[in-house]
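Q: I would like to learn how to read the features of a model like the one below. Please take them one at a time.

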Amino acid sequence: MKKYKSGISYGLLAAIIVIIIAPIIFLPFNILVIIINLFVLIFIFHLFWNTYYIIDGKDLIIKSGFVVDKKLAIDLIRKISETSSIMSAPAASFDRLEINYGKYSSIIISPKDKSNFIKDILKINPAIDINKKGFKL
């Protein structure tokens with residue numbers, strides 16, 4: 001079993017913090033707004049620091065806090081490629097990989113160590129098509 005932490009885009013995190021803190025600063029004092037925004041901020045920090053990917057035997061487990069808990073058979077993965085998609089995903093970074101699996105399914109992730117992550121996936125399923133642009137395999 002091998003665990004890969006998600007990379008973190010601190011620019012993304014800073015933008016989210018500004019959006020959440022701005023109403024507290026610029027709106028008239030309202031304890032309910034402060035409490036709700038602080039809970040949202042804690043939830044976002046939880047997701048950022050608890051997003052990771054585990055290669056466990058022949059499975060890829062994708063975890064993002066208590067929100068995402070997906071198990072994917074590595075044998076079903078068809079293609080891995082870099083993406084700059086801003087779609088919502090269990091990825092705390094904009095340095096992302098899109099994993100295509102099954103017939104039409106895909107998921108976007110952001111392992112901090114993309115090269116070793118891909119190498120470990122390829123050991124299990126060497127038939128995966130890898131878009132090697134930017135990868136050091």
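**Contacts, helices and charges**

A: Not counting residues up to four places away in sequence, Val 68 touches Ile 62, Lys 63 and Pro 90, where contact means heavy atoms within 4.5 Å. This is a predicted model, in which local features need pLDDT of at least 70 and side-chain atom pairs count only at pLDDT 80 or more, while totals for chains, interfaces and linings use all residues. Residues are numbered from 1 along each chain as its sequence is written, and side-chain values use heavy atoms, with hydrogens and water left out.

Q: In which element is Val 68 found, and is Val 68 buried or partly exposed?

A: Helices (H or I, at least four residues) and strands (E, at least two) are DSSP runs, numbered from the N terminus. Val 68 is found in strand β4. Buried means under 20% relative accessible area, exposed over 50%, and partly exposed in between (1.4 Å probe, protein chains only). With a relative accessible area of 23%, Val 68 is partly exposed. Val 68 and Thr 51 are 17 residues apart in sequence and 8.7 Å apart in space, C-alpha to C-alpha.

Q: With which side chain does Lys 63 make a polar contact?

A: A polar contact is a pair of N or O atoms within 3.5 Å; within protein, one must be able to donate a hydrogen and the other to accept it, and residues adjacent in sequence count only if both atoms are side-chain atoms. Lys 63, in strand β3, makes such a contact with the side chain of Asp 69, at 3.4 Å. Residues touched by Lys 63 include Asn 50, Thr 51 and Tyr 52.

Q: How many helices and strands are there in the protein, and what pattern do they follow along the sequence?

A: There are 3 helices and 8 strands, and the pattern along the sequence is β-α-α-β-β-β-β-β-β-α-β. The C-alpha atoms fill a box of roughly 60 × 25 × 25 Å, taken along the principal axes. Of the 137 residues, 39% count as buried.

Q: What span should helix α2 have, and which residues of α2 are buried?

A: The expected span of a helix is 1.5 Å times one less than its number of residues. For the 19 residues of α2 (residues 31-49) this gives 27 Å, and the end C-alpha atoms are 27 Å apart, which agrees. The buried residues in α2 are Ile 34, Asn 37, Leu 41, Ile 44, Leu 47 and Phe 48. They cover an arc of only 155° around the axis, so they lie on the same side of α2; the arc is that of the directions from the helix axis to the C-beta atoms. The face turned away from the buried side carries the exposed residues Leu 32, Phe 39 and Ile 42. Among the elements that cover the buried residues are α1 (10-26), β2 (51-56) and β3 (59-64). At the N-terminal end, Asn 30 caps α2, with a side-chain oxygen 2.9 Å from the backbone nitrogen of Leu 32.

Q: How many salt bridges are found, and which residues are linked in a network?

A: Side chains of opposite charge can pair when their charged atoms come close. A salt bridge is a side-chain nitrogen of Lys or Arg within 4 Å of a carboxyl oxygen of Asp or Glu. The whole structure has 6. One of them joins Lys 2 and Asp 120 (3.3 Å, N to O). Lys 2 lies in strand β1 (residues 2-5) and Asp 120 in helix α3 (residues 114-124), so the pair ties together parts that are 118 residues apart in sequence. Asp 120 also meets Lys 123 in a salt bridge (3.4 Å, N to O), and Lys 2, Asp 120 and Lys 123 are linked in a network. Asp 120 is buried at 12% relative accessible area, whereas Lys 123 counts as exposed at 67%.

Q: What is the nearest side chain of opposite charge to Arg 96?

A: Lys and Arg count as positive and Asp and Glu as negative; His and the chain ends are not counted. For Arg 96, that side chain is Asp 95, 8.6 Å away; Arg 96 is buried yet has no salt bridge. The side chain of Arg 96 reaches the backbone oxygen of Ser 85 at 3.0 Å, and a polar atom of that side chain lies 3.5 Å from the backbone oxygen of Ala 91.
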